[in-house]
Amino acid sequence: MTRVIKRNKWEIWRDVIFALFVREIRTGFNDKFGISWSVINPVAFIFILSFVRGKMDGGDSHTIPTFVYMAYGLILIQSFMQTLSASAQSITKAKTLFAFRQVQPISAVIAASLFELLVKVFVTLGVVLIMYFLGEEIRVDNPLLLIFCFVLLWLFSMSIGLIFGVIELYVKEIKKFRELASRPLFFVSGVFFSLQDFPKEYWYLIDWNPILHAIELSRFSAYTTYGQSGVSVEYLSLITLCFMFLAMAVYKGFWRQAISR
């Protein structure tokens, strides 16, 4: 006799997210290069920019080897931008699946964000491997702070992506605005410079940016000699919580009407 397995709502939600996560892996790696290209491409980009900047600088950047300094900035900004893009597009991509009662837009957003998180873990390991062969010092003074900053930035980008994903169901043109607005972040988030490079009286022009805080704090977590002037974990945590609350409020209020459009 066939036995019926009963599952509660959390177990169903977990299984849906896992199924969507597997779907993201299959659709993301369906070309001949597969998963390796999704890792090799960003690793090569990070390596080239970091290596060139290191040769141009010829030394350290605020007590951190320039290659390592650049690598932290590039990994985190790529993580933010790609998670934002993937989570924002995930609702539209999975819209046909919402005919099934168990599948909800938030599940698609989480699955897409988890996929980007997985890719960035492999990218980070690839960069560490390159550092090892180049003879760069592999050092992390405060690993818990580094992980915490990475997770906060991931949650922040996923929250913004969820907001854009819901809005895009109403206004498709918002995608162009999102892509346009995200490009300058590459240059104002401390990837190529440090907050310490500017006079303190001008810090207010850029220290509103939580991505800058995440990047600077990640460098500080690797080399405590780098310092954490002008940035704080409290600010990064507060901004992340505010955007998570805003994202859930937008989702709760509009997701049913949005997917029916």
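Is F192 buried, exposed or partly exposed? Please bear in mind throughout that the model before you is predicted.

Let me start with empty space. Rolling a probe the size of a water molecule over the atoms shows where such space is left. The largest pocket holds about 520 Å³. Its lining consists of 22 residues, and those nearest the centre of the pocket are Y72, I75, T124, V128 and L146. Three helices, namely helix 3, helix 4 and helix 5, each contribute at least two residues to that lining. Helix 4 has the largest share, with eight residues.

Is V128 buried, exposed or partly exposed? With a relative accessible area of 33%, V128 is partly exposed, because that class lies between the limits of 20% and 50%. The C-alpha atom of V128 is also 7.4 Å from that of I138, a residue ten positions away along the chain.

The largest cavity contains about 30 Å³ of space, and its lining is formed by L20, R23, E24, S90, K93, A94 and A108. Two elements supply two or more residues each to this lining: helix 1, residues 9-28, and helix 3, residues 66-93. Helix 1 gives the most, with three residues. The cavity lining is made up of three nonpolar residues, one polar residue and three charged residues.

The next topic is helix packing. Two packed helices are described by the angle between their axes and the distance between the axes. For helix 5, residues 143-170, and helix 6, residues 174-182, the axes approach within 9 Å and cross at roughly 145 degrees. On the helix 5 side the contact involves F164, I167 and E168, and on the helix 6 side I174, K175, F177 and R178. By class, this contact has four nonpolar residues, three charged residues and no polar ones.

Finally, the aromatic rings. A pair of rings is described by the distance of the centres and the angle of the planes. There are nine aromatic pairs in the model. In one of them, F80 and F156, the ring centres are 5.7 Å apart and the planes stand at 25 degrees, so the pair is stacked. F80 belongs to helix 3 and F156 to helix 5, so this pair ties together parts that are 76 residues apart in sequence. Both F80 and F156 are buried. Together with F243, these two residues form one aromatic cluster.

A further pair is F187 with F192. Here the centres are 6.2 Å apart and the planes are at 20 degrees, so this pair is stacked as well. F187 is exposed, with a relative accessible area of 56%. That brings me back to my opening question: F192 is partly exposed, its relative accessible area being 29%. The value for F192 lies between the limits of 20% and 50%, and therefore the residue counts as neither buried nor exposed.

Terms used:
Residues numbered from 1 in each chain as written. Predicted model: local features only at pLDDT ≥ 70, side-chain atom pairs only at ≥ 80, totals over all residues. Heavy atoms only, no water. Buried < 20%, exposed > 50% of the residue type's maximum accessible area, 1.4 Å probe, protein only. Axes fitted to C-alpha atoms, helices over the stretch in contact; angles between N-to-C directions. Helix = DSSP H or I, 4+ residues; strand = E, 2+ residues; numbered from the N terminus. Contact = heavy atoms within 4.5 Å. Nonpolar A, V, L, I, M, F, W, Y, C, P; charged D, E, K, R; others polar. 1 Å grid on protein atoms, 1.4 Å probe; cavity = no way out; pocket = protein on both sides within 12 Å on 5 of 7 lines; lining within 4 Å. Points joined across faces, edges and corners; volume = space filled by probe spheres on them. Phe/Tyr/Trp six-rings, centres within 6.5 Å; stacked < 30°, edge-to-face > 60°.
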